[in-house]
Amino acid sequence: MAEIKVVSDFSELNRAAATLFQQRAGAAVQSKDSFVVALSGGSTPKGLFSQLASNPENLPWRQMYFFWGDERHVPPDHPESNYHMAYETLLSRVPVAPENVLRIPAEHPDATRVAEQYEQTLKKFFHLRPGQLPRFDLMLQGLGPDGHTASLFPGSPALHERSRLVAANWVEKLNAYRITLTVPVIKHAACVLFLVSGKEKKQAFEAVLDPDSSADQFPAKLVCPMNGELIWLVDREVMPDQMRVSSREN
Ligand code: 6PG
């Protein structure tokens, strides 16, 4: 079941997301002395990352390991790079061990090779046997106005990838490759946390909640955990009107 948490605005979303992040990091480190998180990209997570960097004392940085849910097919110093965004807003400001930051090597010109390399990184880190899936303690996800999440775009080939862990996904409308964790990996996470802010996401969020909408058209519907938590942390601008009225009545 999905849990939907509604907050008033972007700054409250960042605070609430930071609290959730800290809770899960503390619980994971307490139970297995490590916290393994896959970061999302785009712009929404910048607020959370800055919030975490501003309060570094609350997190067990030495036992934290950072992966990415997806990456643009660009070098790590490129302004479009999700790693670059996380480095600037968080990783360069906190005492995380460099060897614990396992970015997608998207500088490699062949996107398929990038996906294969990252898949090997996952298999090695998680000591996976053939057919096993990595289990992230926390998987951050965003929602595009078109209903995409990670780099699983509507109608794109990677939506149907069920055997690979990482895919090089050709995105027609971007005329570019993206590298993305596949649906089975995201669904295997202990907790999938969507961070969604802004009225431009309202229609996509409504569609994702609609049981009759198509997952091919709104891929964020695909990534509900099989055996974990799904939390939608959204601000009021994202809320469908009928839900906004009821939430006001509460
Ligand atoms: C990316 C992201 C992508 C993102 C959504 C929302 O590489 O862009 O991983 O899935 O989360 O596009 O992006 P915004 O937060 O910028 O709206």
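## The pocket and its ligand

On a 1 Å grid over the protein atoms alone, a pocket is an open set of points where a 1.4 Å probe fits, with protein on both sides within 12 Å along at least five of seven lines. The ligand sits in the largest pocket, where sitting asks that more than half of its atoms lie within 2 Å of the pocket's grid points. This is a predicted model, so local features need pLDDT of at least 70 and side-chain atom pairs pLDDT 80 or more, while totals for chains, interfaces and linings use all residues. Residues are numbered from 1 along each chain as its sequence is written, and side-chain values use heavy atoms, with hydrogens and water left out.

Let's look at the contacts, counted as N or O pairs within 3.5 Å. Ala150 takes part through a backbone N or O atom, 2.6 Å from a ligand oxygen. Taken alone, the ligand exposes 410 Å², and the protein buries 89% of that (Shrake-Rupley method, 1.4 Å probe).

## An aromatic pair

Ring centres within 6.5 Å make a pair, edge-to-face if the planes are over 60 degrees apart; there are 14 aromatic pairs. Phe67 and Phe136 are edge-to-face, at 5.4 Å and 75°.

Notes
A polar contact is a pair of N or O atoms within 3.5 Å; within protein, one must be able to donate a hydrogen and the other to accept it, and residues adjacent in sequence count only if both atoms are side-chain atoms. On a 1 Å grid over the protein atoms alone, a cavity is a set of points where a 1.4 Å probe fits but cannot get out, and a pocket is an open set with protein on both sides within 12 Å along at least five of seven lines; lining residues have an atom within 4 Å of a point. Rings of Phe, Tyr and Trp (its six-membered ring) pair if their centres lie within 6.5 Å; planes under 30 degrees apart count as stacked, over 60 as edge-to-face and the rest as tilted.
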